[in-house]
Amino acid sequence: MSPRHRGVPHLVFPDASELAEPLLDVQDLRTFFHTGRGLVKANDGVSFTLDRGKTLGVVGESGSGKTVLTRSIMGLLPNTHLERSGSVRFAGHELTSLSPQQLRDVWGTQMAVIFQDPMTALNPVVRVDRQITESLRIRLGLDRRAAHDTAIALLSSVGIPAPERRMRNYPHELSGGMRQRVMIAIALACGPKLVLADEPTTGLDVTLQAQILDLLATLQRERSMGMILVTHDLGVVANRADDIAVMYAGRIVEQAPTKDLFSHTRMPYTEALLRSIPRLADPSHTRLRAIPGRPPDLAALPPGCPFAPRCPYAQDRCRAEDPPPRTAGAGHLFSCWFPVGSPEGEDALARNLAAAVPAALAFTGAVPSAATASSATSAATATSAATAITTADPVVPAPAGPASPDLTPPIPPGTPPTWKVGPPDETTGAEN
Amino acid sequence: MAGSGTAQLRGDDLLLRVEHLVVEFGKGQHRVRAVSDVSFDVAAGETLGLVGESGCGKSTTGRSVALVHPPDSGSVRFAGTELTALKPRELRQARTKVQMVFQDPISSLNPRRRVIDSVMEPMAIWGIGSADLRRAKARETLESVGINPGDAGSRRPIEFSGGQCQRISIARALMLEPTLLICDEPVSALDVSVQAQILNLLDDLKRQRGLTMVFIAHDLAVVKNVSDRVAVMYLGKLCEVAPPDTLYRHPAHPYSAALLASIPEPDPSAASSATAPLTGELPSPTDPPSGCRFRTRCPYAQEICTTDEPEMRALGPDHFVSCHFPLPRPADSTDPPAPGAALAAPVEAAPFSPA
């Protein structure tokens with residue numbers, strides 16, 4: 001390996017297949033930044049494990065802390081104004097206690113990241129060949145010729161035609177899809193056991209997105225890597241992740257095996273996120289169930305559950321007490337006092353609807369009466385506390401159909417009410 | 001694909017009629033025909049969705065319709081007036097009725113001006129009313145897009161989120177009470193939850209004010225949600241024009257079908273396509289393929305596709321495709337009912353002043 005840091009013993013990583021513990025074990029990870037606006041709690045007690053060959057999808061809106069999570073796992077964080085606690089165990093090593101020199105033994109060869117924007121992540125004044133061979137030569141100690149040959153093999157494995165010619169190109173000479181393929185080739189160059197893909201397809205067209213995601217899945221299978229796929233698009237992870245963690249305000253608010261998450265959604269935020277996506281299966285002009293308001297400021301989190309101000313189920317308890325993680329079946333964790341599909345949750349939603357809470361009305365797609373509309377608007381002008389209302393879906397009479405069919409409980413009555421145990425029911429649609 | 005021809009045009013009396021639009025950039029060898037003989041029309045109160053991959057010319061088309069970038073040839077008839085023939089002064093006057101909403105909400109507002117001033121600007125330019133009247137109208141418009149005019153008055157764009165800035169941009173576009181709103185990727189920079197808010201808002205405004213819209217986006221699910229008619233673009237040409245429910249159920253052009261198959265559905269039980277339906281990337285528009293422009297990526301391409309450019313032709317009522325070998329539709333299928341009252345007269349105008 002690298003001759004650069006003599007005197008510091010190299011870390012020894014066992015072969016991933018011989019590992020008794022999970023490949024990655026993150027426990028109670030907290031990443032806080034001291035900023036001019038106060039303490040920003042970007043990750044606030046995140047825990048999960050990932051086995052080799054498995055994919056964890058991390059989903060959340062912008063500002064939910066999902067990118068910081070990948071940086072915090074890698075140790076790619078600034079040295080100052082930072083407060084980090086918790087544990088990141090990777091292949092038997094505790095990463096949080098490693099020195100920057102020791103982390104160099106981890107980066108590239110054990111763990112690699114695919115960044116979102118290939119135009120800014122690639123060096124614009126360095127040719128593709130040197131950007132790929134750099135890590136091969138430094139980390140793996142290959143000579144120039146071997147590194148060059150390996151780089152060409154890598155480029156063709158990520159589906160770049162005429163790789164010899166492309167090696168001489170600068171990033172700006174490549175299209176967006178090509179650049180993202182080069183990013184993937186660089187990340188996989190030294191054969192990492194874990195890949196952190198941070199929004200790998202966000203800037204790309206749908207056709208390219210499908211190509212890149214298929215490529216990642218194939219490479220992952222061939223190398224039996226672990227992968228964390230970070231995205232804001234539930235559609236991207238629905239077919240590609242084994243487990244999904246939904247993040248909100250720096251925490252994982254729900255985590256479950258993918259099928260279970262869609263068919264037995266417990267957390268109102270996950271449910272709201274699913275409902276706000278326009279579906280191809282819906283006829284055109286279907287009214288979308290927008291989530292009113294926007295994610296909270298991580299420097300000034302509200303007391304209690306961070307989703308409470310936007311939640312259709314929220315009660316007084318939610319605004320006062322932080323809900324602890326609870327379980328619902330194998331591997332299904334969520335944090336909510338009034339979970340979706342439970343009797344408490346249905347009662348809470350019914351109460352909020354009766355009280356014409358804006359979030360509950362927006363959620364059901366119910367048409368607010370003229371009285372509610374005008375009172376909401378005047379309340380908005382009166383107090384600044386009502387910002388949630390002003391940013392909410394504007395209260396205008398929607399010409400949508402009758403509201404009553406939407407008021408049924410969000411989980412079909414056929415769903416088993418005992419949600420402590422039980423295998424995921426695959427016949428239940430993900431619609432609710 | 002290809003798609004010259006005007007079979008998809010309906011009548012002469014529609015609000016917007018674009019014929020044989022051509023837009024070119026650059027000179028000599030580097031000349032790029034970004035929009036190459038595109039024709040479409042939009043009826044009053046209708047939303048036309050324009051969809052395609054990046055680089056297909058959909059934004060350029062939108063900008064040319066507003067004559068932000070004047071077309072090199074072709075005609076843009078808006079409300080009976082040929083916009084391309086107008087003198088600059090007349091064009092400015094006509095353009096008050098055609099407004100645009102852009103993709104990046106934060107950079108399309110001047111960061112150094114107060115939000116209310118940006119919203120009042122269109123009226124100030126035209127010298128409509130007194131400053132007080134303009135301010136009152138701006139407050140009403142902001143209120144109607146869900147922004148509290150009380151705090152908008154003194155704040156600058158940086159103090160608002162992306163979704164709020166997009167609402168403000170929409171308010172600004174509505175100040176001159178346009179009849180046609182061209183939305184160029186208005187939600188692609190926004191989070192899904194906020195995206196739904198803006199889409200609902202646009203739908204409400206359209207109904208309240210009887211707006212006609214050209215909605216440009218790359219996200220097919222979004223386009224389906226807002227549109228009454230969808231036009232699929234590829235490399236500067238139209239592939240297929242149809243109402244959304246028809247297009248999404250029975251895409252006739254191989255490119256439309258490939259685009260649809262690429263969309264990840266947020267449903268793990270949905271059959272996932274084993275392989276990406278489209279391979280390769282968009283050819284360079286400086287040197288487009290001969291014949292049908294989609295033939296280099298088309299799984300059905302034949303000899304004729306390299307030599308003859310397919311013309312737009314009707315497949316069914318209000319379903320047009322430019323392909324030599326359109327995909328067959330199942331025999332038992334019937335068209336879904338028309339997407340509702342979108343084409344009908346505008347719904348009664350909502351009160352413009354706060355209650």
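Chain B has 355 residues, and 52% of them count as buried. The model is predicted.

Figure 1. Chain B holds 11 helices and 12 strands. Among its contacts between residues at least 6 apart in sequence, 68% join residues at least 24 apart. Chain A holds 16 helices and 12 strands. Of its 432 residues, 47% count as buried. For chain A, 67% of the contacts between residues at least 6 apart in sequence join residues at least 24 apart. The views that follow are taken from chain B.

**Figure 2. Helix α3(B) packs against helix α4(B).** Helix α3 of chain B covers residues 115-126, and helix α4 of chain B covers residues 131-144. Their axes lie 9 Å apart, at an angle of about 120 degrees. The two helices are therefore oblique to each other. The crossing of α3(B) past α4(B) is right-handed. On the α3(B) side, the contact is made by Ile116(B), Val119(B), Met120(B), Met123(B) and Ala124(B). They meet Arg134(B), Arg135(B), Lys137(B), Ala138(B), Thr141(B) and Leu142(B) of α4(B). By class, this contact has seven nonpolar, one polar and three charged residues.

Figure 3. From α3(B), the contact takes in Val115(B), Ser118(B), Val119(B) and Pro122(B). From α6(B), Ile168(B), Ala171(B) and Arg172(B) take part. The residues of this contact divide into five nonpolar, one polar and one charged.

**Figure 4. The buried residues of helix α3(B).** These are Val115(B), Ile116(B), Ser118(B), Val119(B), Met120(B) and Pro122(B). They pack against α4, α5 (149-152) and α6 of chain B. An α-helix has 3.6 residues a turn, so residues three or four places apart point the same way. Val119(B) is among the residues that meet α4(B), and Val119(B) also takes part in the contact with α6(B).

**Figure 5. Strand β7(B) is mostly covered.** β7 of chain B runs over residues 180-184, and five of its five residues are buried. In a regular strand the side chains alternate between the two faces of the sheet. Leu180(B), Ile182(B) and Asp184(B) point one way from β7(B). Leu181(B) and Cys183(B) point the other way. Each of these two sets is buried.

**Figure 6. Strand β7(B) pairs with β6(B) and with β8(B).** Strand β6 of chain B covers residues 98-101 and pairs with β7(B) in the parallel sense, over four bridges. Strand β8 of chain B covers residues 212-217. Five bridges join β8(B) to β7(B), and these two strands run parallel. Leu180(B) in β7(B) is the bridge partner of Val98(B). Leu180(B) also stands opposite Thr212(B) in β8(B).

**Figure 7. An open four-stranded sheet of chain B.** The strand order is β2-β1-β4-β5, and the pairing is antiparallel. β2 (32-42) and β5 (81-82) are the edge strands; each pairs on one side only. Strand β1 (residues 16-25) of chain B is joined to β2(B) by eight bridges, and the two run antiparallel. Within this pair, Val22(B) has Ser36(B) in β2(B) as its bridge partner.

**Figure 8. Thr286(B) sits in a loop.** The loop lies between α10 (254-262) and α11 (303-307) of chain B. Thr286(B) has 12 C-beta neighbours inside 10 Å and therefore counts as exposed. Leaving aside residues up to four places away in sequence, Thr286(B) touches His30(B) and Val32(B). Thr286(B) and Met175(B) are 111 residues apart in sequence. In space, their C-alpha atoms are 39 Å apart.

Key
Residues numbered from 1 in each chain as written. Chains lettered and ligands numbered in written order. Predicted model: local features only at pLDDT ≥ 70, side-chain atom pairs only at ≥ 80, totals over all residues. Buried ≥ 20, exposed ≤ 12 C-beta atoms within 10 Å, placed from the backbone. Contact = placed C-beta atoms within 7 Å. Axes fitted to C-alpha atoms, helices over the stretch in contact; angles between N-to-C directions. Parallel < 35°, antiparallel > 145°, perpendicular 65-115°, else oblique. Left-handed = near helix turned anticlockwise from the far one by under 90°. Nonpolar A, V, L, I, M, F, W, Y, C, P; charged D, E, K, R; others polar. Pairing = 2+ DSSP bridges.
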